[in-house]
Amino acid sequence: MLRFYIEVARTAFRRQLIYRWANLAGLLTNAFFGSVFSYVIIALYHARPVVAGYNVNDTLRYTWLIQAMIMVVMPFGWLDLFLTIRSGEVVADMSKPCDFYWYWFSREIGRDVYYFLFRCLPTYACGMLFFGIGLPAGWHSWLAYSLALPLGAMIGIAYRFLYNVIAFWIVEVRAVATLALVIALFFTGSYVPLPFFPSGLRTFASWLPFDGLMNLPVELLMGKLTGESVLFEIGRQVLWLIVLTLFVRAVTARAGRRVISQGG
């Protein structure tokens, strides 16, 4: 069965290779917004050389890492599951001789790998080229990042699966999906870096699952967290992944019974 899910992920990866021009357009969009945010940051740092322990180069690097990771962790406009529910195609997926959630999870893992290679890396390369932000140093940081990024991507899959599966109960979920995306992007540091939040709000945000989506991997890669705090934060990330996965599977199981009760 594991081989089946691996093949599903590989198929999803290959499918994404077809959309080369769409990916190029998305890459240009990420580079554009990264540049806009960067010039705003540079202007703001003329007033203060350091903010919350971040100098201008740190903040530029943070911004470009967030831009690079968005499509890996929280892709815009992901309504794939909702569309199958609305059209009725979801019945075919739920009838497959495999677990419904892990089937979709495998598909998204394949897409995430694609976006990491063809969106994340090129986007950050643009930041290096345009603003000379360089690469974080230290193998400890890279090791922590290599653990935190996949965990963040898996949390992102569970989260967007959750707001899509609501379509089993309501006709139109686009408004819910938009709200869910805005909330997630705010608490991941996409709009304002989380270290810049007021202390109370920063503490609150650190206990939400969104912190582990992008902010935590970025802070780990930049070496802002060290020692026991690294293990604690990754442990909290793992805990949220387990909680969200169990919750999503419970909701999906209930949705499956609803579909059966209606005769498919």
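S106 sits in helix α6, which spans residues 100-131; helices here are DSSP runs of H or I of at least four residues, numbered from the N terminus. The model is a predicted one, in which local features need pLDDT of at least 70 and side-chain atom pairs count only at pLDDT 80 or more, while totals for chains, interfaces and linings use all residues. Residues are numbered from 1 along each chain as its sequence is written, and side-chain values use heavy atoms, leaving out hydrogens and water.

A polar atom of the S106 side chain lies 2.8 Å from the backbone oxygen of W102. Beyond its neighbours within four places in sequence, S106 is in contact (heavy atoms within 4.5 Å) with Y5, V8 and A9.

Helix α6 also packs against α3, at an angle of about 160° and with the axes 7 Å apart; axes are lines fitted to C-alpha atoms over the stretch in contact, and angles run from 0 to 180 degrees between N-to-C directions. The two helices, α3 and α6, are therefore roughly antiparallel, a term for angles over 145 degrees. Residues of α3 that meet α6 include R61, W64 and L65, and among their counterparts in α6 are D112, Y115 and F116.

A look at the loop between α2 (20-44) and α3 (56-73) brings in A52. Its phi is near 55°, a positive value in a residue other than glycine, and A52 is partly exposed, at 48% relative accessible area.

Note on methods. Polar contact = N/O pair within 3.5 Å; in protein donor to acceptor, adjacent residues only side chain to side chain. Buried < 20%, exposed > 50% of the residue type's maximum accessible area, 1.4 Å probe, protein only. Parallel < 35°, antiparallel > 145°, perpendicular 65-115°, else oblique.
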